[in-house]
Amino acid sequence: MPWCRRALARLVMSLTMAAAGLAGTASPASAATLTNCAWTVSQTMTGATDTSYAYAFTAATTSSLTSVTMIVPTGTGGTPVIGTVSPGGLAGGSIALAGTTLTYSFAAASIAAGSAISIQVRGLTNTTTAG
């Protein structure tokens, strides 16, 4: 699926700081390999409001995660709100929409290789452009 290759391949994994002396220094990040990618939408009509998008995938590597980025179609709007998130260690974060990118940020959580991850985003408005 295109969103899986383009968006979730940009799953951002942040490593925790190695020592207190590194405070204020950005942690390295890298892209993860994902498998079993799926995307569903609650309403498929163009311009539909209060739409939910659900992203699901499997982590191929064990990592400490702090955010996940996902792609939406050009013209998608609304005020995104996080719905159901699994595993529970990823819950309680915040979501932001900037252009075609949804970014879900949360407290650092260790995710084991093979873990199924799902993130539901509600409150979106589908693009008015078909296709």
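Here is a short chat about the predicted model shown above.

Trainee: Hi! How many helices and strands does the chain have?
Mentor: Hello! There is one helix, along with nine strands.

Trainee: Nice. Which residues have the most contacts inside the largest nonpolar core?
Mentor: Those are Met70, Leu102, Tyr104, Ile117 and Ile119, in a core of 23 residues.

Trainee: And which strands each supply at least two residues of this core?
Mentor: They are β3, β4, β5, β6, β8 and β9. The largest share is from β8, with five residues.

Trainee: Let's zoom in on leucine 102. What is in contact with it, leaving aside neighbours within four places in sequence?
Mentor: Quite a list! Among its contacts are Tyr55, Val68, Met70, Pro80, Ile95, Val121 and Leu124.

Trainee: Switching to β5: is this strand mostly covered or uncovered?
Mentor: Mostly covered, as eight of its nine residues are buried.

Trainee: How many bridges join β5 to β8, and which way do the two run?
Mentor: Eight bridges join the pair, and the strands are antiparallel. As one example, serine 64 has serine 110 of β8 as its bridge partner.

Trainee: What about the whole chain, how much of it is buried?
Mentor: Of the 131 residues, 36% are buried. The accessible surface is about 6,700 Å², and carbon and sulfur atoms account for 58% of that area.

Trainee: Last one: what share of contacts between residues at least 6 apart in sequence join residues at least 24 apart?
Mentor: That share is 68%.

Note on methods:
Residues numbered from 1 in each chain as written. Predicted model: local features only at pLDDT ≥ 70, side-chain atom pairs only at ≥ 80, totals over all residues. Heavy atoms only, no water. Core = buried A, V, L, I, M, F, W, Y, C linked by side-chain atoms within 4.5 Å. Buried < 20%, exposed > 50% of the residue type's maximum accessible area, 1.4 Å probe, protein only. Helix = DSSP H or I, 4+ residues; strand = E, 2+ residues; numbered from the N terminus. Contact = heavy atoms within 4.5 Å. Areas by Shrake-Rupley, 256 points an atom, 1.4 Å probe, with all protein chains shown as cover. Pairing = 2+ DSSP bridges.
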